[in-house]
Amino acid sequence: MNERINNIRLFLKKYAIPIGLLPIFMIVGVLFWGGLTGAILQSLGWFPAIGLREITLKYYREIFLDTDLWSSSGYTLYIAIIPTILATCISILLAIIINDLNGNMKKISNFIIKIPIMIPYLVGIYMVIVMYGQSGWIARIMASLGLIKCTSQFPEILYSNSAIGIIMVYLWKQVPFMTTIIRSNLISVGRDYEQVAQTLGANNSQIFRYVTIPLIIPGILSSSLLVFAFNFGSFETPFIVGRYYPNTLPVEAYKLYSNIDLCYRPKAMAMVILISILSTIILYYYEKSIEKFKYIKK
Amino acid sequence: MKKFILFFLICGILVFVLTAAVLAFDANKALQGKMTWEEIVAAAKEEGEVTFYGWGGSAITNQWVDNYFGKELEERYGIKLIRVPMNIDDIINKLLAEKQAGKKVGIIDTVWINGENFKTAYQANLLWGSYAKLLPNYNKYCKPKEANIDFGFDNQGFESPYSNALFVFGYDAAKTEPFNNFDELKKFVKKNSGRFTYSAPPDFYGSAFVRQVFCATTGGYEQWLGDFNREKFEAKVQATWDYLNEIEPYLWRNGKTYPESNAKLESLFQMGEIDITMNYSFLAIQSYINQGKIPPTCKSFILDEGVLSNMNYITISGNSSHKAAALVLANLMMDPEVQISKLDPKKRGDGIGIDISLLEPKYVDKLENVDLGPATLPMDFLYKNRIFELNAKYTEAIEQGWIENVLKK
């Protein structure tokens, strides 16, 4: 009897890690890989529910022949990259500034910056529409002050190629997020290194470039990576305040998916697979290119 | 003693099985007309609840369904209505997914549907069957010849009428002088650059607007009622694209972008960014005024080319687990009292789905006493100018063609 219990104990000890990982593997395996496999099969034309049983690359070909795919990809990359770069730069500065504040000012700014993190994107979208639309507050105030002749002269911030509306929503939400992460990084690193650099005669810009930045690089990298991945696959913001056509890849995939003609389904799935491949490639190269920075302090 | 217990048990089981057999609702038997309406109503009460899936983007519509229709269903038949707001493409995806998974007892009982959506669901075998003829109110208040034609497609009684939609335009009489036909629309947009647009098809409203342009530029809707004729369609449709491309530079945002939904079109109108709105409900303008969303000076108007008219329906899904209750729901929806309540813009403001000419005099009186409001055009005037929906195949072809020839150009 004792031996048996011992055996079980040994077994558990030996396979502790796989057993511990089982629940998460089940979730990822069923929900993620299951979904992905289904999507790949449908994109290849396997969709028995509507009588499609022929495996073909036809749908991928159709997508690649569509010239708007490239315009859509460009738009997607544009609204993924620009807000990420802007948010990163602003957040680094903000984090350092807040970190240097004292007493109540620090508490207040800390509180203010955390508010947008708790508010959903949709609220931000709504605020942008109400404030910056051509019939929004700012346009109306400017028109009544005589700065512009009529509200339609107000610059096209929403639904436009420049996607300023989308970028504004992203920045509003993501700058606080990145600032919080970078700031916690700054706090954990402490002031010691900067003070050492100062006593050794480094000036402020040198401290910033050679001491502060390398120390907080992990926080910058992880948060900007999250932000970029989110922006690339995000749906609701471009869907509501983006241009109608060609919109970002996820929105175009959704439009195909929701087409009432079920024959468009494989094409939508091909698009989804394409998005997955693209984002995997981008993330891979992103990780690789930042590897150089990662160990700068060692 | 043991034998006695056994006997008792067997008797008990027998009684249980027999009552279950009597009470259970045999869907196939009902569909073949082998059950009386009273038996169906009794079975429905036994089932006790029914789900109703459909578009839920309008607060007043939802309130009417919950507070009026749901209550009637509960009080008259003891059935609890569970309204689930969901867009029709998601509903069909859900039905399809349940079918793919082989789920025999589904969660969706009834669906608000019409047109190409119905056709897709019908062709994918997602629906129950030809049930309309079982409903007393359908037999009393509908002419199958008209009630069964859904976007030129014979629905064979797989769905039963809910509402009649009449497509009208809206404007603010204090600000704008409207147009009377599509030629004047062209002049209107050129004069008022940036003040008109339509939502991008396949959105309902945008699609209906483009179909109206199609009928107007190709010489009338009558020729497009029959079967789909691709050659004829392609020979004539170019005029439609020419018209839409000609007005495009004068649309909102110079036609570089379109509102992606009718909700956005309506909010543009409400915020004053555009001068003209459009709606599938001829009572919508009044209803919005009542809700305080638009000024009381707003009015409905129609074009000389006619009022696009179609029906929307309730259908019962193939794997519904409350088919008797679903039948009772579909029947109650065609009740004249219910339809008249639905018409009142203070309560909801939605067209009559049953045939007015078949109503008893007492209901006709009631109908005429409903105050449709000053912003609404008289119903008989709208009915006189009615034009009917094209075959759903044309709708699909027009929506696809719009993307290729107008949006991408």
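Reply: A:Ile138 lies in helix H7 of chain A, which covers residues 137-144. Helices here are DSSP runs of H or I with at least four residues, strands are runs of E with at least two, and both are numbered from the N terminus. The model is predicted, so local features need pLDDT of at least 70 and side-chain atom pairs count only at pLDDT 80 or more, while totals for chains, interfaces and linings use all residues. Residues are numbered from 1 along each chain as its sequence is written, chains are lettered from A and ligands numbered from 1 in the order in which they are written, and side-chain values use heavy atoms, without hydrogens and water.

A:Ile138 counts as partly exposed because its relative accessible area is 24%; buried means under 20%, exposed over 50%, and partly exposed in between (1.4 Å probe, protein chains only). Leaving out residues up to four places away in sequence, A:Ile138 touches A:Met131, A:Tyr132 and A:Phe154, where contact means heavy atoms within 4.5 Å. A:Leu94 is 44 residues from A:Ile138 in sequence, and their C-alpha atoms are 26 Å apart.

Elsewhere in chain A, A:Asn99 is found in helix H4 (residues 68-100). A:Asn99 is buried, as its relative accessible area is 11%. Its contacts beyond four places in sequence are A:Lys106, A:Arg183, A:Leu186, A:Ile187 and A:Arg191. A:Arg191 also forms a salt bridge with A:Asp100, with the closest N and O atoms 2.8 Å apart. This pair links distant parts of the chain, 91 residues apart: A:Asp100 is in helix H4, and A:Arg191 is in the loop between helix H8 (164-189) and helix H9 (192-199). A salt bridge is a side-chain nitrogen of Lys or Arg within 4 Å of a carboxyl oxygen of Asp or Glu. A:Asp100 is partly exposed at 47%, and A:Arg191 is partly exposed at 35%.

A second salt bridge joins the side chains of A:Glu62 and A:Lys267, at 4.0 Å from N to O. A:Glu62 is in helix H3 (residues 58-65) and A:Lys267 in helix H13 (residues 265-294), 205 residues apart. A:Glu62 is partly exposed, with 34% relative accessible area, whereas A:Lys267 is buried, with 16%. Over all chains, the structure holds 24 salt bridges.

Of the salt bridges, 4 are counted between chain A and chain B. One of the pairs is A:Glu156 with B:Lys256, whose closest N and O atoms are 4.0 Å apart. Altogether, 26 residues of chain A are in contact with 26 residues of chain B. The area buried between the two chains is about 2,400 Å², and carbon and sulfur atoms give 53% of it. A:Tyr159, A:Tyr244 and A:Ile260 supply 33% of the area that chain A buries against chain B, more than any other three residues. Buried area is the accessible area (1.4 Å probe) that two parts lose on being put together, summed over both.

Finally, the cysteines. The structure holds 0 disulfides over all chains, a disulfide being a pair of cysteine sulfur atoms within 2.5 Å. For A:Cys150, the nearest cysteine sulfur is that of B:Cys298, 20 Å away. A:Cys150 is partly exposed at 37% relative accessibility, while B:Cys142 is buried at 7%.
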